[in-house]
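User: Could you walk me through this structure? I'd like to start with the overall picture and then go into some details.

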Protein chains: 2
Amino acid sequence: MSLFRPQVQQMTGYTPGEQPQESGWVKLNTNENPYPPSPLVKAAVEQALAGRLNIYPDPLATEFRKVAAELFQVDPDWVLPGNGSDEVLTILMRTFADAGDLVSAPYPSYTLYETLAEIQGARFEKIQLNPDWSWPTTQAQEISAKSKILFVPNPNAPSGNRWSDEEIISLVPPQGVLVLDEAYGDFCDQPHKGELLKSQAGERIIVTRTLSKSYSLAGIRFGFAVAHPDLIQGMQKVKDSYNCNTLSLAAALAALKDQEWMQANTKKIQTTRKHLMAELGKLGFETVDSQTNFVWCTHPDQEHERRYQDLKRRKILVRYMKFGLTAGVLDGLRITVGTDHEVQTVLNALQEIG
Amino acid sequence: MSLFRPQVQQMTGYTPGEQPQESGWVKLNTNENPYPPSPLVKAAVEQALAGRLNIYPDPLATEFRKVAAELFQVDPDWVLPGNGSDEVLTILMRTFADAGDLVSAPYPSYTLYETLAEIQGARFEKIQLNPDWSWPTTQAQEISAKSKILFVPNPNAPSGNRWSDEEIISLVPPQGVLVLDEAYGDFCDQPHKGELLKSQAGERIIVTRTLSKSYSLAGIRFGFAVAHPDLIQGMQKVKDSYNCNTLSLAAALAALKDQEWMQANTKKIQTTRKHLMAELGKLGFETVDSQTNFVWCTHPDQEHERRYQDLKRRKILVRYMKFGLTAGVLDGLRITVGTDHEVQTVLNALQEIG
């Protein structure tokens with residue numbers, strides 16, 4: 001007899017991208033920002049370090065919520081902080097989806113949604129996207145109508161495309177919530193500031209954000225949700241009281257205050273992204289118009305896994321991904337937009353290995 | 001219709017101890033350590049700060065697990081880190097207790113166990129301790145026999161007493177796990193190093209530890225579980241991949257390496273505790289022999305709430321707690337063992353307010 005819950009016993013668990021701990025890698029596999037965070041972060045953490053670590057942090061993250069709320073032009077009670085948006089997604093699942101409830105998400109997209117549903121004992125339905133990454137609207141709405149949570153990463157991963165606001169609104173579950181996972185939102189040409197929350201369907205939309213990508217703070221583990229206070233209040237009951245620590249709160253606050261720094265980095269990444277897409281095209285790859293800090297590419301010869309392995313042998317990590325669709329297997333490479341130098345390295349290597 | 005899961009809709013949520021954010025309080029209500037953490041912590045965080053925060057932390061916490069494992073004389077695959085032992089308890093609940101399963105804990109004890117069971121949709125049964133804080137052994141074993149998880153804080157909170165190893169072993173659920181919550185373990189006159197894990201029932205025991213108390217790192221949010229690798233493996237599937245951040249991992253590692261610092265602080269606290277208990281006795285209070293960094297006290301006149309309020313007016317925070325037992329209401333004050341000066345302040349105030 002297993003001591004575990006049956007779901008836990010059966011599942012394999014989520015596999016994050018490889019994180020080699022030794023240096024010397026060109027690491028373009030987990031969508032980290034190649035640029036350092038704002039210098040204000042270091043200063044803020046040093047100040048927090050000089051304070052009292054023996055005391056619990058503010059369980060309400062008052063200061064952080066104030067600044068995050070300003071960015072979204074809402075009140076602080078619209079904001080809930082977490083250890084990375086992963087923890088925010090976990091809290092969402094535990095707040096809204098009961099065992100047996102239906103949870104859905106587009107497919108291919110972020111595979112963690114399914115893992116979290118599995119842990120929760122919820123049913124999970126994939127909404128297969130069309131080959132051009134558009135929604136099968138009628139079918140999507142049918143599934144949404146039965147869902148307690150529909151997770152929509154916008155821009156999507158691994159494709160990098162962004163769907164329109166109208167499309168998102170049309171997908172809000174009539175008896176549940178739509179989680180708009182904007183992990184990559186700052187990399188869009190026209191970033192959102194929570195406009196959808198103010199739409200009529202907005203009281204059933206929860207926007208999630210992370211500081212891991214645009215704010216260059218993957219190491220800090222900080223994310224947050226923005227939603228109507230009625231929804232935040234329920235999530236508040238589920239989250240651990242002191243989920244964010246003194247140092248990460250200080251870092252996150254400082255990072256959010258330095259919008260200029262973040263925007264300068266995303267601008268650089270947008271430029272490099274354009275270059276990467278163009279050059280991949282010249283090498284015979286097909287790419288999706290990316291609104292993120294990564295590019296999804298496929299090659300007509302289908303030798304994606306071989307290329308991933310060849311690159312890895314050269315200490316270049318990209319993400320090889322494979323999805324089972326009704327029409328067959330879809331695989332490809334997801335390449336993080338690193339520095340110009342890193343991107344040139346992977347492009348040169350791709351040219352060499354053919 | 002509520003969008004929340006019914007459990008979440010109905011519950012009130014856990015209320016942590018008050019955390020005034022302004023200074024000027026004598027804060028003896030949340031069992032924080034009055035002494036700063038090891039200076040190695042600051043150095044380690046500064047070093048981590050000089051590194052790359054834009055990169056994800058090691059999802060396996062390799063270095064931390066190695067050092068924690070050495071302390072418990074086990075292999076690193078016996079260790080699972082978390083954001084405070086609160087997160088570890090959450091992970092345990094989600095790994096072992098399905099909706100409808102029975103979860104139990106002694107009562108009065110740490111009330112978070114019940115909150116976590118509630119969120120999970122598990123049934124929760126309180127095992128009412130005897131007035132002298134001993135176990136009602138027969139009844140406890142009957143409840144344990146039906147439990148998927150039995151949480152046992154040892155030493156117990158709010159009483160501060162510690163039960164014997166034999167007693168703990170006799171309570172291990174035959175078809176579940178016993179979570180031995182040793183948040184206050186380091187303050188015992190004879191601290192444990194996971195001896196129970198090596199007993200015959202040890203493969204169904206999970207020890208949890210926190211760095212919030214003895215290591216003076218409540219602000220860092222770090223705890224960990226030690227258990228047989230078969231159990232850790234299941235918990236690993238449930239935890240968020242990158243649950244601990246680069247800075248907290250560095251802080252935790254440094255703190256664990258400086259055992260001497262931690263032990264010097266716990267020794268000071270043991271001495272102050274003795275003094276606090278003796279003086280409370282002189283003021284007419286009854287105390288429990290504490291093996292922790294707090295003292296539970298009651299007064300024959302039963303005016304505990306009035307004293308709590310009177311102290312608060314003087315900017316002294318202690319914890320007033322109230323428990324409904326079959327025999328009636330039990331209430332009292334839980335006073336954290338602060339510095340000698342803080343303890344003298346609360347003692348003087350108690351004398352003045354009568």
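This is a predicted model: local features need pLDDT of at least 70, side-chain atom pairs count only at pLDDT 80 or more; totals for chains, interfaces and linings use all residues.

User: How many helices and strands does chain A have?

Analyst: Chain A contains twelve helices and twelve strands. Its radius of gyration is 20 Å, close to the 20 Å that the globule rule gives for 354 residues, so chain A is as compact as a globular protein of that length.

User: And what box do the C-alpha atoms fill?

Analyst: Taken along the principal axes, the C-alpha atoms of chain A fill a box of roughly 55 × 50 × 50 Å.

User: What share of the residues of chain A counts as buried?

Analyst: Of the 354 residues in chain A, 63% count as buried, while the accessible surface of the chain comes to about 13200 Å², with 49% of that area belonging to carbon and sulfur atoms.

User: What about contacts between residues at least 6 apart in sequence, how many of those join residues at least 24 apart?

Analyst: For chain A the share is 72% of those contacts.

User: OK, cysteines next. How many disulfides does a search of the whole structure find?

Analyst: The search finds zero disulfides over all chains. Cys244(A), for instance, is in no disulfide, and the nearest cysteine sulfur, which belongs to Cys244(B), is 13 Å away. Cys297(B) is likewise in no disulfide, with the nearest cysteine sulfur, that of Cys188(B), 20 Å away.

User: Are those two buried or exposed?

Analyst: Cys244(A) is buried, having a relative accessible area of 4%, and Cys297(B) also counts as buried, at 0% relative accessibility.

User: Which peptide bonds to proline in chain A are cis?

Analyst: One of them runs from Tyr107(A) to Pro108(A), with omega near 0°, and Pro108(A) lies in the loop between strand 3 (102-107) and helix 5 (112-120) of chain A. Another is the bond from Asn154(A) to Pro155(A), also cis with omega near 0°.

User: Where is Pro155(A) found?

Analyst: Pro155(A) is in the loop of chain A that lies between strand 5 (149-153) and helix 7 (165-170).

User: Back to the backbone: which residue has a positive phi of about 50° although it is not a glycine?

Analyst: That is Ala61(A), whose place is in the loop between helix 2 (39-50) and helix 3 (62-72) of chain A. Ala61(A) is buried, with a relative accessible area of 4%.

User: And what is the phi of Arg221(B)?

Analyst: Arg221(B) has a positive phi of about 55°, although it is not a glycine. Arg221(B) is found in the loop between strand 7 (205-210) and strand 8 (223-226) of chain B.

User: Is Arg221(B) buried or exposed?

Analyst: Arg221(B) counts as buried, since its relative accessibility is 2% and the cut-off for buried is under 20%.

User: Last one, where does Gln351(A) sit?

Analyst: Gln351(A) belongs to helix 12 (residues 340-353) of chain A and is exposed, with a relative accessible area of 56%. The C-alpha atoms of Gln351(A) and Leu112(A) are separated by 33 Å, the two residues being 239 residues apart along the chain.

Conventions. Residues are numbered from 1 along each chain as its sequence is written. Chains are lettered from A and ligands numbered from 1 in the order in which they are written. Side-chain values use heavy atoms; hydrogens and water are left out. Helices (H or I, at least four residues) and strands (E, at least two) are DSSP runs, numbered from the N terminus. The radius of gyration is taken over C-alpha atoms; the globule rule is 2.2 Å times the number of residues to the power 0.38. Buried means under 20% relative accessible area, exposed over 50%, partly exposed in between (1.4 Å probe, protein chains only). Contact means heavy atoms within 4.5 Å. Accessible areas come from the Shrake-Rupley method with a 1.4 Å probe; for residues, only the protein chains shown count as cover. A disulfide is a pair of cysteine sulfur atoms within 2.5 Å.
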